[in-house]
Amino acid sequence: MEVNDVFEKVKNLFVDELGIEESKVSMEAKLEEDLEIDSLGIVEVVMAFEDEFGIEIDDDELADVKTVGEAVNLLHSKI
Amino acid sequence: MKTALVTGGSRGIGSATCKALSTNHKVVIGYSNSKEEAKKLEESINSNGGNAMSVKIDISDKNSINIAFEEIEESYGIVEVLVNNAGITKDNILPRMKDSEWDDVIQTNLTGSYLITQRAIKNMMKNKWGRIIFISSVVGISGNQGQSNYAASKAGLIGLAKSVSKEMGARNITSNVIAPGYIETDMTSFLSEENKEIIIEQLSIKRIGKPEDIANVVAFLCKEESEYITGQVIAVDGGMTT
């Protein structure tokens with residue numbers, strides 16, 4: 001799967017699961033500041049990622065993820 | 001109609017809770033060993049116009065929980081109300097207690113409640129609504145001779161419930177504890193008449209509790225209107241702890 005395809009899936013999850021406006025979701029967008037996702041929201045997104053992509057994400061790997069792009073790259077590396 | 005799962009639902013407090021919830025919930029009777037009682041209760045609720053199914057769950061086993069939840073979700077959709085009622089006792093005074101007695105009681109009563117709550121809560125989060133009720137015990141608050149393992153497991157539920165209430169409040173999931181006093185069930189049937197009299201003497205309400213006394217409070221906490229009550233321990237004990 002190409003990075004761009006992963007981004008599209010991630011964007012859909014943000015829009016569907018968390019009700020975030022589609023236009024706000026860019027690779028550069030910061031999860032907490034720009035998208036206003038709280039810590040529980042991040043957990044929800046991670047659980048949705050795990051279901052969607054059939055992978056497991058460790059808490060350690062998440063520590064450095066602050067933007068949509070970093071999340072996309074992490075997922076891309078695991079698929 | 002929302003779906004409510006009651007663990008240990010076939011007998012005692014669990015059975016009364018299933019009946020009380022059946023007026024406005026789809027009820028899942030979780031049982032481990034009492035299949036016959038569970039089926040009887042299921043039939044009784046269904047023949048009275050309710051919706052009930054019974055499912056075997058060994059709450060101390062993650063695999064058993066997953067299998068049970070898949071069966072529930074297929075028939076009734078996601079579990080929106082979870083009543084953590086299943087529990088066991090293996091009484092002994094501490095100097096005589098075997099490791100296995102300690103481990104079994106902690107594994108079922110505390111770890112089992114953790115495992116099943118974790119399984120249920122993921123869908124509650126997605127659904128942005130949930131009610132979790134832990135049936136603890138007054139002995140989790142005040143301790144009891146011969147029950148250090150049981151009291152520790154029941155006290156543990158209070159810490160678990162309060163933590164869950166803080167984590168999940170933003171998702172409209174409430175988490176509360178009911179601490180029953182002496183309730184007339186199989187679990188307390190070993191008490192002699194004489195000992196019952198001694199217990200009643202210490203109560204404000206001069207009778208042993210009925211399973212329905214607990215079930216009514218569970219039903220109240222499950223209501224939509226109870227959404228502002230969370231992280232609480234409600235003793236339903238005839239005034240034993242005041």
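Residues are numbered from 1 along each chain as its sequence is written, while chains are lettered from A and ligands numbered from 1 in the order in which they are written. In this predicted model, local features need pLDDT of at least 70 and side-chain atom pairs count only at pLDDT 80 or more, whereas totals for chains, interfaces and linings use all residues.

**View 1. The open sheet of chain B.** Seven strands, in the order S3-S2-S1-S4-S5-S6-S7, form an open sheet with parallel pairing in chain B. Strands are DSSP runs of E with at least two residues, helices are runs of H or I with at least four, and both are numbered from the N terminus; two strands pair if DSSP finds at least two bridges between them. At the edges stand strand S3 (51–56) and strand S7 (233–236) of chain B, each with a single partner strand, so one side of each is left without a neighbour in the sheet. From one strand to the next, the twist averages 20 degrees. Angles run from 0 to 180 degrees between N-to-C directions, and axes are lines fitted to C-alpha atoms, for helices over the stretch in contact.

**View 2. Strand S1 of chain B and its partners.** Strand S1 (residues 2–6) of chain B has four of its five residues buried, so it is largely enclosed by the rest of the structure. A residue is buried if 20 or more other C-beta atoms lie within 10 Å of its own, exposed if 12 or fewer, and partly exposed in between, with C-beta atoms placed from the backbone. S1(B) pairs in the parallel sense with strand S2 (residues 25–31) of chain B over five bridges, and B:Thr3 has B:Lys26 in S2(B) as its bridge partner. The chain passes from S1(B) to S2(B) through helix H1 (residues 12–21) of chain B in a right-handed β-α-β crossover; with the strands pointing away from the viewer, such a path from the first strand over the helix to the second runs clockwise. Parallel pairing also joins S1(B) to strand S4 (residues 81–84) of chain B, over three bridges, where B:Val6 stands opposite B:Val83.

**View 3. Strands S6 and S7 with helix H8 of chain B.** Strand S6 (residues 173–180) of chain B pairs with S7(B) in the parallel sense over four bridges, and B:Ile178 is opposite B:Ile234 in S7(B). Helix H8 (residues 211–222) of chain B lies across S1, S4, strand S5 (130–135), S6 and S7 of chain B, running at about 165 degrees to S6(B).

**View 4. Packing of helices H3 and H4 of chain B.** Helix H3 (residues 62–76) and helix H4 (residues 99–127) of chain B pack at an angle of about 35 degrees, with their axes 10 Å apart. B:Lys62, B:Ile65, B:Asn66 and B:Phe69 of H3(B) meet B:Leu115, B:Ile116 and B:Arg119 of H4(B), contact requiring C-beta atoms, placed from the backbone, within 7 Å.

**View 5. Two residues with positive phi.** A:Glu36, which is not a glycine, has a positive phi of about 55 degrees and lies in the loop between helix H1 (3–18) and helix H2 (39–53) of chain A. With 12 C-beta neighbours inside 10 Å, A:Glu36 counts as exposed. B:Lys128, also not a glycine, has a positive phi of about 55 degrees and is found in the loop between H4 and S5 of chain B. B:Lys128 is exposed, with 11 other C-beta atoms within 10 Å.

Definitions and conventions. Two residues are in contact if their C-beta atoms, placed from the backbone, lie within 7 Å.
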